[in-house]
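Subject: Structure handover

Hello,

I am passing this structure on to you. Please look it over before reading the notes below it.

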Amino acid sequence: MIVAEPKPIKELLEMVKDFNKILILGCKGCVTVCNVGGAKEVAILASTLKIAAKKAGRAIQVEGHTLERQCDPEYVAEIKEMVDNYDALISLACGVGPQFLSERYPSARVFPGVNTRFMGGAVEHGVWSERCAGCGQCVIHYFGGICPIARCSKSLLNGPCGGSDHGKCEISKDVDCIWDIIVRKMMDQGRLEELIEFKPPKSWTTARDGGPRKLVREELVR
Amino acid sequence: MSEYKSGSNLEKILKAGHFAFTGECGPPQGADAAHVREKAGHLKGSVDAVNVTDNQTAVVRMSSWAASLILLQEGLEPNFQMVCRDRNRLAIQSDILGIYAHGIRNMLCLSGDHQKFGNHPEAKNVFDIDSMQLIHTVKTMRDEGKFLNGQDIEGLPKLFIGAASNPFAEPFDFRVYRLKKKIDAGADFIQTQCIYNMEKFREFMKQAVDMGLHEKCYILAGVTPMKSVGMARYMAKSVPGMDVPDSLIKRLQGAGKGKVAEEGIKFAIEQIEEFKEMEGVAGVHLMAIEWEHKVPEIAERAGMLPRPRV
């Protein structure tokens, strides 16, 4: 899933300090799963904004609504009757949500309520870890089912580098050296020969380096 | 000339079977050429080639190619270091052509320390290709006359290709295979990470010799003399992939006040003496970090002078 985290409340308050009618929009997709932008978080943020405004001696109107998804125009269109009643929208979806809202409602002021971090999953309760860099050409089967592009600090395809230290990456003792894990796993699987094979430079044309991406599936386009 | 890949002094020394001795020069954090010239002055005549580091530890310094050119002007042979952190494949290939055009003949290919260590941790890194692919790129440009896209090059960069090896980083069992991989990718010579754990290095070299790697490539053993107990402790604790045994720290501590640096040099000289005899070791790479003025003394005491002329 796409993993996000709440924006610091101070930053959020500063963003919307000049608005009196605010609609907070949640999303039932990834951000609900990672506990940052579902119906529950929408309600909490609404209360927080009201309390902060009251403290500042302002009376504001804050409502919440959670969409099925914010990355599909049909769901974004559901709120067309509501939008005009507000002077600010805060989206608690990943970075896609506030942009779909901005595109669908050109006159609305849309603010991001979360910081989108990465594509990953929960490794334990409350802890998420990156797994995919979205390079557009998956190669994990060469590396024991583990992605060195997303998980090696230097995206090495012929690792590990000399900074691998007792299973940890040179950048931090909190970061696993993924090449240490890849090497041990492949040696355990008896695949040393594959590890010694030279991996040529990767084409980044399908990654973000190739420019903003768009996917057209002809069989689905009517 | 044609018998050589590059015709660099380092290549000639190694090919003639001499025990090579290379030094290192870290460029300044400023535009002062005199700083580089002063360091060069200490190294001249004591070493066969001088590594010029490329924004080492991700701290911004005078560019390695520019400092390498100053060394050339001073009559020293540079070993130009290039890291993959700061350049994509376009910049990498154009810099390779440029340094060769200016007379640089040795190049050491590295991935580069992550920028998180350095003085611009907010920077975006590149890592378009890795050190292995960089070695292969230089070899392809030199031997096949092709760019990475397969296009022909006019005027080939005849470089002596170097690579690094850290025998002490984990997983240890794989390290000798990664060395092999670098040699297969095109490395002509290897300079190792600073060695302090001699026992482990002997084991690593035995593996390399058993695989015949020393016959395909010249392996230079890395030596950095310890200046103080603090430096030894710092390297042991805070430099990833560095293996400093407690016994060495104790030995330095035992030297007594004012004598630690001398003990560090003594240890380095003992190491060099052993490397001269060690099967598969073709030379020593002396990284006297901000201690360049000590290099002539170490070279003299280690019996490395005068340097041979080929």
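Predicted model: local features only at pLDDT ≥ 70, side-chain atom pairs only at ≥ 80, totals over all residues.

Residues are numbered from 1 along each chain as its sequence is written, and chains are lettered from A and ligands numbered from 1 in the order in which they are written.

Chain A is assigned domain 1 (2-118) and domain 2 (133-208); such bounds come from an automatic or database domain assignment. Over C-alpha atoms, the centres of these two domains of chain A are 38 Å apart.

Chain A has an open sheet of four strands, ordered β3-β2-β4-β5 with parallel pairing. Strands are DSSP runs of E, at least two residues, and helices are runs of H or I, at least four, numbered from the N terminus; two strands pair if DSSP finds at least two bridges between them. β3 (61-67) and β5 (110-112) of chain A are at the edges with a single partner strand each, so one side of each has no neighbour in the sheet. Strands β2 (21-27) and β4 (88-91) of chain A pair over four bridges, and L25(A) has S91(A) in β4(A) as its bridge partner.

I298(B) is in contact (C-beta atoms, placed from the backbone, within 7 Å) with P225(B), I265(B), A268(B), I269(B), L286(B) and A288(B), leaving aside neighbours within four places in sequence.

Regards

How values were computed: Contact = placed C-beta atoms within 7 Å.
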